[in-house]
Amino acid sequence: MMRLLIRNAEIVTMNREEEVIFGDLLIEDGRIAEIAPQIEKKVDQTIDATGKTVIPGLIQTHIHLCQTLFRGQADDLELLDWLRKRVLPLEAAHDEESLYYSAMLGIGELISGGTTSVVDMETVHHTDAAFRAIAESGIRALSGKVMMDHGEGVPPALMEDTATSIQKSVELLEKWHNYDDGRIRYAFCPRFVVSCSEELLIQVRDLAEKYDVMIHTHASENKGEINLVEQERGMRNVLYLDKIGIASPRLILAHCVWLDDEERRVIRERGVKVSHCPGSNLKLASGYAEIPELLACDAKLSLGADGAACNNNLDMFQEMRMAALIQKPLHGPTSMPAREVFRMATIGGAEAMGLADEIGSLEVGKKADLAILDLNHFHNSPREGVDLISRLVYSAKSSDVETTIINGKIVMEKGVMKTMDKQKVLQESNRSIRRLLDRTAKEGVGTHS
């Protein structure tokens, strides 16, 4: 039985009482065995966290690891142009090696910033390579192959027939779902209504119920997207998903920037999870989700950075700060308090993944997913008289993360990655994107102009 002791820490539990405890945290076989002012037991390894802060591992509920290689390749475009002119052609150019290193690059950034769990959406092909990266890196993930069998402006390489899309998704599910004692789980990932036939979506609904897995998709991110859905399906995104029986506690919807009252009612009544992605929504000029209104109707909310192609980083500390700030000019200074935002980044993410009994807070019996931060820097001092959660949301940075632990295993220690060769990932990522850019250039895809 492997025992790891974190000693003399300031521990942000995010338990029901949101206690902050000063003391020790004991990990046994991947789970939290004890939290107490002082623990005296024989252990295999001790981490001295004197003067450091331990937080639950951050949980991002909307990520595209397949797009990490595209960082900076599609800047200053609105959503539909961003997709059709740059991102979809680059996704179509992916090969197995480039997808593996795209995933590794993203995971390295996530782990370095204290993110321990993600809800990830891959691309159409080579998804097995992304799952291999997830498996090797140690990150906790709910992931799946993107599904696309409909729509205009889609590269031929990404356009699937319905039966093939379903078959490949089920094959991946049967291979990877519940891998490593549930650290990796599968979700069906229809891209969004615009790119999916009704037949595909109905089959996804039935298969998700059959296999008892989640569905992860986009909705109501952009006004142009909503107009397309209304023209084709005769109603708005969320109402359409409800009509065909997909709106349920199994569903994670990314963005939800443009909702009406009826859609908010459906989200509340059906228990749909909403992943708020403020950085991505601002960068693509989509707008920003009315999170205070969703909170007022008891919606299940969490946070995500989306992808490096539309956000340029996967930094949860930036997303927390942005989520808190963007609501204040319209709704007032108390509309998104730091504590609510931190809940979205921790226990809210766990609820979205269906893992609130396992992760999202530091409590005895839960999985040992956590990050150790050094908050003793100019940018987050002084601390006297300052609420700790406010410091984490408004002034902490991803660079404050020293050590990240997932499933009780140290995946980064004092800034050094333990589950990947950082220099090799950086080198191969640059080689891979060069290869993809050459491919898209040969196929006549436009560049930054």
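Helix H1 (residues 79-93) gives the largest share of the lining of the largest cavity, namely three residues, where helices (H or I, at least four residues) and strands (E, at least two) are DSSP runs numbered from the N terminus. This is a predicted model, in which local features need pLDDT of at least 70 and side-chain atom pairs count only at pLDDT 80 or more, while totals for chains, interfaces and linings use all residues. Residues are numbered from 1 along each chain as its sequence is written, and side-chain values use heavy atoms, with hydrogens and water left out.

**Cavities**

- On a 1 Å grid over the protein atoms alone, a cavity is a set of points where a 1.4 Å probe fits but cannot get out, a pocket is an open set with protein on both sides within 12 Å along at least five of seven lines, and lining residues have an atom within 4 Å of a point.
- The count by this rule is three cavities of 30 Å³ or more, and the largest cavity holds about 110 Å³ of space, a volume being the space filled by probe spheres set on the points, which are joined across faces, edges and corners.
- Of the 13 residues lining the largest cavity, Leu-79, Trp-82, Leu-83, His-218 and Glu-221 lie nearest its centre.
- The lining of the largest cavity divides into six nonpolar, four polar and three charged residues, where Ala, Val, Leu, Ile, Met, Phe, Trp, Tyr, Cys and Pro count as nonpolar, Asp, Glu, Lys and Arg as charged, and the others, Gly among them, as polar.
- The second largest cavity has a volume of about 80 Å³, and among the 13 residues that line it, Leu-88, Glu-152, Val-154, Phe-192 and Val-194 are the closest to its centre.

**The largest pocket**

- The largest pocket has a volume of about 500 Å³, and of its 20 lining residues Lys-300, Arg-343, Ile-347, Gly-348 and Glu-351 lie nearest its centre.
- Strand E14 (300-303), helix H15 (338-345) and helix H16 (347-352) are the elements that give two or more residues to the lining of this pocket.
- By class, the lining of the largest pocket has seven nonpolar, three polar and 10 charged residues.

**Packing of two helices**

- Helix H2 (residues 96-112) and helix H18 (residues 422-442) pack at an angle of about 135°, with their axes 9 Å apart; axes are lines fitted to C-alpha atoms, for helices over the stretch in contact, and angles run from 0 to 180 degrees between N-to-C directions.
- H2 and H18 are therefore oblique to each other, since angles under 35 degrees count as roughly parallel, over 145 as roughly antiparallel, 65 to 115 as roughly perpendicular and the rest as oblique.
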